Amino acid sequence: RDDRGGGGEAGDALTVAVCAALSQLDPDAPEVMLVAVDGRADPAAMDALRSLLTRGVARLSLQRRVLIVTADPTAADAARKAGVKAVALVAGHQSRVALKWAAAHAAISAGWPVLLLDPHTALIQDPSPFFSRDSDVEAASDGWDDTTAYGYDHVVDDPDMGWSRFCHGGRVLSSDPGFALLMPTAESAAVAALVAARLLNEALQVGVSTRSTGVNRGVAGGARGVGGGPGGGPGPGDAEDFEHLAFNEAIFLPSHGAYVAPGVMRRTLNYLCFANSKAVFRFMRKDRRFGDRDAHAPVVVRLSYHRAEPARLEDVYLKYLEGNGGPLGTWSDGNGKGEGAAGGDNSATCKMHAALVAPTPGQEDASAMAQHFRLHRTWSWGGVTPFTFGPGGRLSTPWGAGQWGLVPAR
C-alpha cells in the first residue's frame, strides 16, 4: 500500500526529494506554498511560473516559503534563479497534478500546512494573513457572487407528489484545487492521498501526462459536472479537468456504499478577495467600486477561466499594483482581446445602458414589461431578494438604490 499516490519506489523517491526541499524553507513560515509545474512540456505554464516568481513571490519576499515540485530541470533552474531554494526535482514522473498531490501529502505528513498554488496565479498580496485556519481545507471558489460561491437552496418541483412536491437541496459551484490551503490534519492528508492516487491511476490508464493532446475525453460525471474545471474552449487539458473533479468529489461527496469520505471541514474563501479570472474580467473590472483599486484590490487572482492566456496575468499586476487599468480593459470576457472576440466585454451595450433615463408614466403605459412591473414589483437576482422595480425607474436592491429603464428599440 502506498498512501503517497506515488507508487512504490517512485513514491519513496518523491518523499525523499520533498522532505529534502522542505528543509530549505523558513522554519517559521506559516505554510509552504507548493507550486507544481511542467516546464518545457508546457510553455504557457512556464510563462505563468516566471510571472508568479518575479511579480509575486520575489516582490513579496516569499522565496523561503515556496516549494517548487517538477520533473523538468528547466523549471527547477527558473525557480532557483528567482531565489527559491526549496526545489524538488523528481525525474521521470509523468503526471504533474499527481506529483503535486503526492508532494502535498508528504508535506502535510511532515506537519506543514500546504497552500496549493497554481502557476497561473497573480499574487497581489501575501495571502497568509487572510486565512481563517479554522478548517481542514480553505479553497477559492469558481463562483462570482454569493449564490454561486456560497450556495443556495435549490428546489426541485415534482407536482405528481402532491403536498410533498418540493424537494430541497443545496447547489454551489466547485472549489479550485489551484488555490487551496490544506492544514496538517488527518482529514487533509486523506484528501491529498485520495486525490493523488486517483490522478496517478487516471494517468496510467489513459496515458495522460500533464496536458491534453487536443482530445477532451471528459471525466466521470461530466467534465463540467460536480468537479469539472471552469471554462471551455482552449484551456485546461484532461489532467486538470480530472484533478478538479477528484478534488471536489473528495471534499464534497458523503460516504456511501463502500466509499468512506475523508470527512474534511471546508471553508470557501471570499470570491472578491481570492478572485477567479471570470469574476475579475466579467464583473469586477466593470464595477464602479470593485473596478477602483483604491476601493478594493484582491489578494489573489486565479487565471482559472483563462489558463491559455497567461499574458492576462501581467495586465492584472498592472491594474492592481500600478493603477494602470488600460491593458486590462483590452481583454474580452471570454477568449482573446477586443469586443469582437468570443465573449466580448459588451462595452457598447454598457454605454447604451448608461444613457438610460427613468421611464415616464406614458412610457410605462406603452410598455408591456413596465405594466408587468406594476403588478409584480419584487423579484430576485441570482436567488437574492428583494430586487424591486419601483415606479418612475426607482430600483431597490440589497446592495443599495439604483435606477431601471427601458431599452430603446433598435
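1. I start with the bridge between Thr121 and its partner in strand 12, Arg302. Strand 12 covers residues 300–302 and runs antiparallel to strand 5, to which three bridges join it; two strands are said to pair if DSSP finds at least two bridges between them.

2. On the basis of the coordinates: this is a predicted model, in which local features need pLDDT of at least 70 and side-chain atom pairs count only at pLDDT 80 or more, while totals for chains, interfaces and linings use all residues. Residues are numbered from 1 along each chain as its sequence is written, and side-chain values use heavy atoms, with hydrogens and water left out.

3. On confidence, the pLDDT (the predictor's confidence in each residue, from 0 to 100) averages 85 over the chain, and 84% of the residues score at least 70. Residues 232–236 fall below 50 and have seven contacts beyond near neighbours in sequence, a contact being heavy atoms within 4.5 Å. Residues 340–345 are also below 50, and this stretch has 20 contacts beyond near neighbours in sequence. Where pLDDT is low, the predicted coordinates should not be read in detail.

4. Angles are taken between N-to-C directions and run from 0 to 180 degrees, with axes fitted as lines to C-alpha atoms, for helices over the stretch in contact.

5. Helix 2 contributes Ala48, Ser51, Leu52, Arg55 and Gly56, and helix 9 contributes Leu313, Glu314, Tyr317, Leu318 and Glu322. By class, this contact has five nonpolar, two polar and three charged residues, where Ala, Val, Leu, Ile, Met, Phe, Trp, Tyr, Cys and Pro count as nonpolar, Asp, Glu, Lys and Arg as charged, and the others, Gly among them, as polar.

6. Helix 2 (residues 43–58) has a further partner in helix 3 (residues 73–81), with axes that come within 10 Å and cross at roughly 15°. These helices are therefore roughly parallel to each other, and helix 2 passes helix 3 in a right-handed crossing. Met46, Leu49 and Leu53 of helix 2 meet Thr74, Ala75, Ala78 and Ala79 of helix 3, a contact of six nonpolar residues, one polar and no charged.

7. For helix 4 (residues 96–109) and helix 7 (residues 238–252), the axes come within 9 Å and cross at roughly 35°. Arg96, Val97, Lys100 and Trp101 in helix 4 meet Ala239, Glu240, Glu243 and Phe247 in helix 7, and by class these residues are four nonpolar, no polar and four charged.

8. Finally, an open sheet of four strands has the order 13-14-15-16 and antiparallel pairing. Strand 13 (378–381) and strand 16 (400–403) stand at the edges with a single partner strand each, so one side of each is left without a neighbour in the sheet. The twist averages 30° from one strand to the next. Strand 15 (residues 394–397) pairs with strand 16 over four bridges in the antiparallel sense, and Ser396 stands opposite Ala401 in strand 16.

Conventions. Helix = DSSP H or I, 4+ residues; strand = E, 2+ residues; numbered from the N terminus. Parallel < 35°, antiparallel > 145°, perpendicular 65-115°, else oblique. Left-handed = near helix turned anticlockwise from the far one by under 90°.
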